[in-house]
Amino acid sequence: MRAFQREDFEPMAAFFAEERSFYYGGPLSKGDAWRRLAAYAGHWVLNGFGEWALEEKNTGRFVGFCGPWHPADMPEPEIAWALLPEHYGKGYAFEAASRALRYVYGELGWPTVMSLIEPDNAPSIRLAERLGATAEKTLEIYGRDAVVYRHLPPEMLLEKTA
C-alpha cells in the first residue's frame, strides 16, 4: 500500500476503460480516468487520508486501490477497494481492506465506516462479509442503488467470534 504515482495511470486507465469497471463508476474515458487518479491523490491532500495504490510486493506492479474514501458528496466515510481483474483471488483485497479498517478505527479514530456495494457485485459482497460487515440498507447514490455494508471495529469482530 503506497501513494499513487504517475506510473499507475496506464493500468488504471485500462481498468476503467473496461465494462467490468461498472461497479467502480466506470467505464471512464482516458481523461476521466486521469481525473479519478488525481482525485485519489488529492483526497490525501484535502482530507489527510485516502485510498492507497496497491502494488505486488515481488514485482512492484500496480494491482489496484483500497482505503478510506469520503468525498464531499458521499453520505459518510467509506472503505473502498478495487483490483485489476488479473489479480483477483490472490488475497490482495482482503489484506488491504483489513489494513484500511485497522487504520480508520485505530489511527483515524472513526466511530463507524461503511462500504457501498452494488447489489450485483457478488465478489465485493463476499469480501465485505469476510471482513465481518453486514448489510444495513440500500440507498441511491450517483444515480445507482448501493447496499451499505457496515464494518465493525476489529476489536468488536474478535468479541463477536469469541
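Predicted model: local features only at pLDDT ≥ 70, side-chain atom pairs only at ≥ 80, totals over all residues.
Of its 162 residues, 48% count as buried.

The protein chain holds five helices and six strands. From the N terminus on, these elements follow the order α-α-β-β-β-α-β-α-β-β-α. The radius of gyration is 15 Å, close to the 15 Å that the globule rule gives for 162 residues, so the chain is as compact as a globular protein of that length. Taken along the principal axes, the box filled by the C-alpha atoms is roughly 45 × 35 × 35 Å.

The packing of the helices H1 and H2 was examined next. Two packed helices are described by the angle between their axes and the distance between the axes. Helix H1 spans residues 9-17, and helix H2 spans residues 30-47. Their axes come within 9 Å and cross at roughly 120°. Angles of 65 to 115 degrees count as roughly perpendicular, and those over 145 as roughly antiparallel. H1 and H2 are therefore oblique to each other. Their crossing is right-handed. On the H1 side, the contact is made by Phe9, Glu10, Met12, Ala13 and Phe16. On the H2 side, Lys30, Ala33, Trp34, Arg36, Leu37 and Tyr40 take part. By class, this contact has eight nonpolar and three charged residues, but no polar ones.

The loop between H1 and H2 contains both serine 21 and proline 27. Serine 21 has a relative accessible area of 0%. Buried means under 20%, so serine 21 is buried. Not counting residues up to four places away in sequence, serine 21 touches Phe15, Phe16, Gly26 and Pro27. Phe16 is also one of the H1 residues in the contact with H2. The peptide bond from glycine 26 to proline 27 is cis. Its omega is near -10°.

Phenylalanine 49 is found in the loop between H2 and strand S1 (52-55). With a relative accessible area of 10%, phenylalanine 49 is buried. Isoleucine 141 lies 92 residues from phenylalanine 49 along the chain. The C-alpha atoms of these two residues are separated by 22 Å.

Two further loop residues are exposed. Glycine 89 lies in the loop between strand S3 (78-83) and helix H3 (92-107). The relative accessibility of glycine 89 is 85%. Exposed means over 50%, so glycine 89 counts as exposed. Glycine 89 and proline 123 are 34 residues apart along the chain. Their C-alpha atoms are separated by 9.7 Å.

Tyrosine 142 belongs to the loop between strand S5 (134-141) and strand S6 (144-151). Tyrosine 142 is exposed, with a relative accessible area of 52%. Its phi is near 55°. This is a positive value in a residue other than glycine.

Methods:
Residues numbered from 1 in each chain as written. Heavy atoms only, no water. Axes fitted to C-alpha atoms, helices over the stretch in contact; angles between N-to-C directions. Helix = DSSP H or I, 4+ residues; strand = E, 2+ residues; numbered from the N terminus. Parallel < 35°, antiparallel > 145°, perpendicular 65-115°, else oblique. Left-handed = near helix turned anticlockwise from the far one by under 90°. Contact = heavy atoms within 4.5 Å. Nonpolar A, V, L, I, M, F, W, Y, C, P; charged D, E, K, R; others polar. Rg over C-alpha atoms; globule rule 2.2 N^0.38 Å. Buried < 20%, exposed > 50% of the residue type's maximum accessible area, 1.4 Å probe, protein only.
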